[in-house]
Amino acid sequence: MLSEQELIKGCVKGDRAAQKALYERYCRKMMVVCQRYAKSSQEAEDALQEGFLKVFTSLKSFRGDARLDTWITRIMINTALNAQRQKLYLLPMVDITEVNLPEDEEISLAAFNLSELIAMIQSLPDGCRLVFNLFAIEGYNHKEIAGMLGISEGTSKSQYSRAKSLLKVKLNVHNNMYGKYGEAKI
Amino acid sequence: MENTERQKFDNAWRDAFQQAEQNPSAEVWSALDSELTRAEGGVMKRRVVFYQRLAAASILFALVFGSLTTYYNLKQDTSVVNEIANANKSTNETDNTIPDQTIKQDEVAENEDKDELAEDGSRLPKSGDNKTNGNSIFNKSDQSAFIAQSKKDSGGTDEIHATEQGTRQSRVNAKAIAGISTQDLPSPEVKISGKLRDVTIVRKLPAMPASFMAESRKEKKSGEDLWASVGASAGNYSPQANFNSYAMASPATGAVNLNNSASSNSYSQGSAYSVGLNLAKRVSNHWVVQGGLSYLNQSIGYTSNFATVYAGSKSAFVADYATLQQNASTLTLTNPYEINSVNQFVSLPIQAGYLLVDRKVGWQLSTGMATDIFLQNTLTDKSGQLDKYSAGAGDDSPYRTLSWSALMSTELSYKVGTQYRVSLAPGLRYTMSPVLKSAVGTGNPIVWDIGFRFRYIFK
């Protein structure tokens, strides 16, 4: 098995075997990243393909300051965001001035399989989905998200709140249908 | 507030996706593979176009350089041939006084004496009846000289043996056409005696340095993308021009009877040095583009025996034919004295380099062009008796303000520390246009030099 450095060198040289090895090493993880931001699996695969193309063409500029998977994840997120930005432009996000945030409770998602969780996120409106991914999962704050998406900080907050409430509703629906979802109590 | 939220709801989602993986369809790699192939094809196409242009430029440069070199060599050879022709002219005139009738009458004697001449080891050409076989490669004067010699040696005879003569003629013609005398040919009677022995040839591979062994041939790229260097070079300057001829001879000037005898030093060798700055950028793994700015100084020494009389003083005269004509009335003959002529330029080179070796030791081949801006020419009398004469650039100057030079060089470098290299760079500079505007007696200077450079690598 090739080391990460050997893979990088091979990819920079244009060695197709090394490129395939790198793709196979990270494609599954990156597929999930793309699915979270995309509206469908097809969109996710398009973003995955475009993202890896960028990875291979710009790998020579990778200086090893961050972990390779972190660097690739950033490229995938940017690629996915670029694909969604057009939609955001056509359907600009609006501030939701009043959001009834339910009291935050401890939940567990252990009872859900990955496809169900992805389906829940993909069912969110475009703006909500992006902000939720960036805030809740990637760990960016609202100021950073506002800068990335070209929206106000307040819009980011309101989109996040809406995403959160929508997800809780979906979890409740699931709970009602199947009786329980792990140990979660909403 | 944000932190609190993240600690519960968000963390649950983050944890759920922390190690999550899902297989994409196989079509993603197939499509990606096609995209990569297409992208590589584009890069390859661009590279091919670049290499094609580079090859075309190199061939063009080689053709131009070869043509010019051949032209000047031929020109030089022609002048030598002419001199020889002139020197032999009087001799030929004497030989040509032998009338054609004499030749016809003496042909018999010529044929009769061929074998004797061959035995004497004579390399004089022999031909048969030129009028009948039409294969003669000798001119009439050669025949006359030869016939006269034959006649002298044999004392003359009128007997003709037709058969024998024909045989001899064909044999002699064959030898003459091949341009080989009988002494040069091995005797057919010589036989090889003794027994042939088998000889085994053992081929030995040359010893290979350990540094070329497979294990040690790992890629050790320098990782250098941008660097600047300062350097100086010195070498041989050949102006490719007849300095003495236009310094000492002016056929159009009747006012001064100039000496035309000194022509042995017409193609003098001078010296050249340059100092400059270079900036280079790597554009691909092996290719480098570099440019810079440098000061050139090219000096040449030659002898003159006249000077310009100017306002009661004498000064060394500018070596330009056109100016020489215009100022002929101000010239005066002097004792021969040594002149040092110095041309100064600012040069702006641009070169493409190919890195053959890019490790601790580097080896680069470069070729390109330079724009040379003429600054000044200074003529100095080495004895100090005459005043210095300087001519700058401009419309009224005999020197071209701008000229272009073709550059070829190689650079052998050694990395010192992480950001420095020192290098030796032998090179050739061929000026595409003469330094002087006048087309008479001017040439395209060539400089062979070797430079030392100190390179700083930007990180």
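Modeller: Within chain B, 71% of the contacts with a separation of 6 or more are between residues 24 or more positions apart (a contact means C-beta atoms, placed from the backbone, within 7 Å). Bear in mind that this is a predicted model, where local features need pLDDT of at least 70, side-chain atom pairs count only at pLDDT 80 or more, and totals for chains, interfaces and linings use all residues. Residues are numbered from 1 along each chain as its sequence is written, while chains are lettered from A and ligands numbered from 1 in the order in which they are written.

Chain B has nine helices and 10 strands (DSSP runs numbered from the N terminus: H or I of at least four residues for helices, E of at least two for strands). Of its 459 residues, 23% are buried (20 or more other C-beta atoms, placed from the backbone, within 10 Å; 12 or fewer is exposed, in between is partly exposed). B:Glu338, in strand β5 (residues 331-358) of chain B, counts as partly exposed because it has 13 C-beta neighbours inside 10 Å. Beyond four places in sequence, B:Glu338 touches B:Gly301, B:Thr303, B:Lys382 and B:Ser383. B:Ser383 is 45 residues away in sequence, yet the C-alpha to C-alpha distance is 7.2 Å.

Now to where the chains meet. Chain A puts 30 residues into the contact and chain B puts in 25. On the chain A side, α2 (16-37), α3 (41-58), α5 (114-122) and α6 (126-138) each supply at least two residues. The part I've picked is α2(A), which gives the largest share of that side, 10 residues. By class, the chain A side has 14 nonpolar, seven polar and nine charged residues (Ala, Val, Leu, Ile, Met, Phe, Trp, Tyr, Cys and Pro are nonpolar; Asp, Glu, Lys and Arg charged; the others, Gly among them, polar).

α2(A) also packs on α3(A), at about 140 degrees with the axes 9 Å apart (axes are lines fitted to C-alpha atoms, for helices over the stretch in contact; angles run from 0 to 180 degrees between N-to-C directions). The pair is therefore oblique (under 35 degrees is roughly parallel, over 145 roughly antiparallel, 65 to 115 roughly perpendicular, the rest oblique). Their crossing is right-handed (near helix turned clockwise from the far one by less than a right angle; anticlockwise is left-handed). Residues making the α2(A)–α3(A) contact include A:Tyr23, A:Met30 and A:Cys34 from α2(A), and A:Leu48, A:Gly51 and A:Phe56 from α3(A). By class, that contact has 10 nonpolar, four polar and no charged residues.

Neighbours within four places aside, A:Met30 contacts A:Leu48, A:Gly51, A:Ile72, A:Thr73 and A:Met76. A:Met30 is also among the residues with the most contacts inside the largest nonpolar core, which has 51 residues (buried Ala, Val, Leu, Ile, Met, Phe, Trp, Tyr and Cys joined through C-beta atoms within 7 Å). Again α2(A) brings the largest share, 10 residues of this core. A second, separate core of 16 residues includes B:Ala272, B:Leu296, B:Tyr399 and B:Val435.

For another helix pair, take α6(A) and α7 (residues 142-149) of chain A, whose axes come within 10 Å and cross at roughly 135 degrees. That makes α6(A) oblique to α7(A), and the crossing is right-handed. Here A:Leu130, A:Val131, A:Leu134 and A:Phe135 of α6(A) meet A:His142, A:Ile145, A:Met148 and A:Leu149 of α7(A).

Technical notes: Contact = placed C-beta atoms within 7 Å.
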